[in-house]
Amino acid sequence: MSEPVVWLTIFVLSVFVGIEVISKVSSTLHTPLMSGANAIHGIILLGAILVTGTSQNAVAVAVGLVAIVLASVNMVGGFVVTDRMLQMFQRRKPRAVARDKAEQDGAAR
Amino acid sequence: MSGTPVWVQLVYLAAAICFILALKGLSGPRTARAGNIVGAVAAVVGCVVVFFYGNLHHVGWILGAIVVGSIGGVIGARRVQMTQMPQMVALFNGVGGGAAALVALLELHERLPHIASENWFTLAATAFTIAVGAISFAGSVITFLKLQELITGRPILFPGLPVVFGLGLVGVVLLGVLTVTLPAMWIGIVLALVGLLVGVLLVLPVGGADVPIVISLLNAFTGLTVAAGGYVLGNTLLLVAGTLVGASGTFLTKLMAGAMGRSVLNILFGALKGGSTLGAGEVSDRPVRSAGPEDVAILLGYAGRVIVVPGYGLAVAQAQHTLRELVDVLGARGITVDYAIHPVAGRMPGHMNVLLAEAQVPYEQLREMDDINSEFKQTDVVLVVGANDVVNPAAKSTPGAPIYGMPILNADEAQQIVFMKRSMRPGFAGIENELLFDPKTTLLFGDAKDSLGKLLTAVKAL
């Protein structure tokens, strides 16, 4: 196989995995899922680091540093904001349990 | 791929698997948070590895830039109000697209001296990354401005927009072809600039209600951009991660558009055809029945079964905490109360769940549309707070209405309907809601937070 065909194979398989893996998502999670996927493409940071670190031209390095800043905002901000959203889904559990317990106590009394 | 040590490629493979697991985790409520963390760890590991094999120069500067960007990202992510989260995601997505375009431009610059030996496919992928990255960046900035209401949320059209947009697209294709046939730095830069223009023109005509779908679409665009960038740089991790996001993002966009009963093409180009998202926005003068908070309190306080339909108006008024208090008080009176969540309630699918979760509404009270729709018949009162289109029966009864075919909550089947609205203005879709004029309907005018506060006091006084 020639190299472009290897890449094409990886690409096509990834397309199917990408669709399959989220096909059963409930609409409740659409927003966090979009935000999480958004953070994942922040991996372009890796590319920005590579390009900047291997460049010798001063202007190119400056542009590369801008790309690194942008990509880190995407990656770090994306994961943090997704976690913040998901935290809200989880936090209520102990409270709900505590409330149910309080109600039971009330009923017992 | 050549030049990358095998161990690094294996680390990339592991990171790619983690990204798949992250997406898988994010699609289930119990695994979502863990999934997100798995994704974050994989991304960090992927980036750290580069420093160990890349023989990088300017490491100090690079680390500095990462610190600056990370601090900016964390501050943005922590400070943002939950109601403003869609535009924050749009902004994060845009900067990612911008970074990808810059990376591709730099790579083009690096390769120019020995361009003759380059595969045409690599150059095509470079052109794709530059153009689509720029489109995603500019488009995301416009969606941010629209949602932040720094510019109007209504579709922006000017005479000749379709022509300019068409010329822009042709320009992108021509410049892309030139990048492959006669590669030069200035062509890449012009391509990026024309891409920016196309991105702006793509989003300007989209109405406020549809902007979230566009965010999702641009998210998929950025994913594909990163994938193409991965091919250019010979990096498998970028290729796999970008493709995963591109594919799942496209599929998610389709799901979201489907929940609104619209096609993606209609959302993007509907306004250009003088189509649906424009709406009349006129105020009707037909008679309605309005009531004060005390009357509504009696209606609610002596009901047996109540369903609340929250909409974006609730979030805008920051009234979700007051609403939760009201529901708690009603619950204490022995009334069964649930929230009926339409898939597109709020500004993005699932947005309303996040907002109500923030107000500590118990998860069990949040019911999805398909789950609760059969229960409206046995419901005494439906309380619609700041929602409109998601309960508009025109979606079922009026072929030709912009929302026709959109699944709706069957609020019209309840015994009584109470609408809390600021005015008689139609919803985002810009069409009148027959339900407002139904004899079973009572309207409570006013700001949602204000009205809910009064309602709460009145119910407590019963």
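Start where the two chains meet: 94 residues of chain B are in contact with 74 residues of chain A, where a contact means that the C-beta atoms of two residues, placed from the backbone, lie within 7 Å. Keep in mind that this is a predicted model, in which local features need pLDDT of at least 70, side-chain atom pairs count only at pLDDT 80 or more, and totals for chains, interfaces and linings use all residues. As for labels, residues are numbered from 1 along each chain as its sequence is written, while chains are lettered from A and ligands numbered from 1 in the order in which they are written.

Which elements make up the chain B side of that meeting? Those giving two or more residues are α1, α2 (32-53), α3 (59-79), α4 (85-111), α8 (211-233), α9 (236-259) and α14 (351-358) of chain B. Helices here are DSSP runs of H or I with at least four residues (strands are E runs of at least two), numbered from the N terminus. The top contributor is α9(B), with 18 residues. By class, you get 54 nonpolar, 33 polar and 7 charged residues on the side of chain B that touches chain A. For that tally, Ala, Val, Leu, Ile, Met, Phe, Trp, Tyr, Cys and Pro are nonpolar, Asp, Glu, Lys and Arg are charged, and the others, Gly among them, are polar.

Now look inside chain B. Where they touch, 9 residues of domain 1 of chain B meet 7 residues of domain 2 of chain B. Helix α1 (residues 6-26) of chain B gives the most to the domain 1 side, with 7 residues. That side has 7 nonpolar residues, 2 polar and no charged.

Zoom in on L108(B), which belongs to helix α4 of chain B. Is L108(B) buried or exposed? L108(B) counts as buried because 26 other C-beta atoms lie within 10 Å; the cut-offs are 20 or more for buried, 12 or fewer for exposed, and partly exposed in between, with C-beta atoms placed from the backbone. Beyond neighbours within four places in sequence, L108(B) contacts T126(B), P183(B), M185(B) and G188(B).

Finally, a word on confidence in chain A. Its mean pLDDT (the predictor's confidence in each residue, from 0 to 100) is 83, with 81% of residues reaching 70 or more. Over residues 92-109 of chain A, the pLDDT is below 50.
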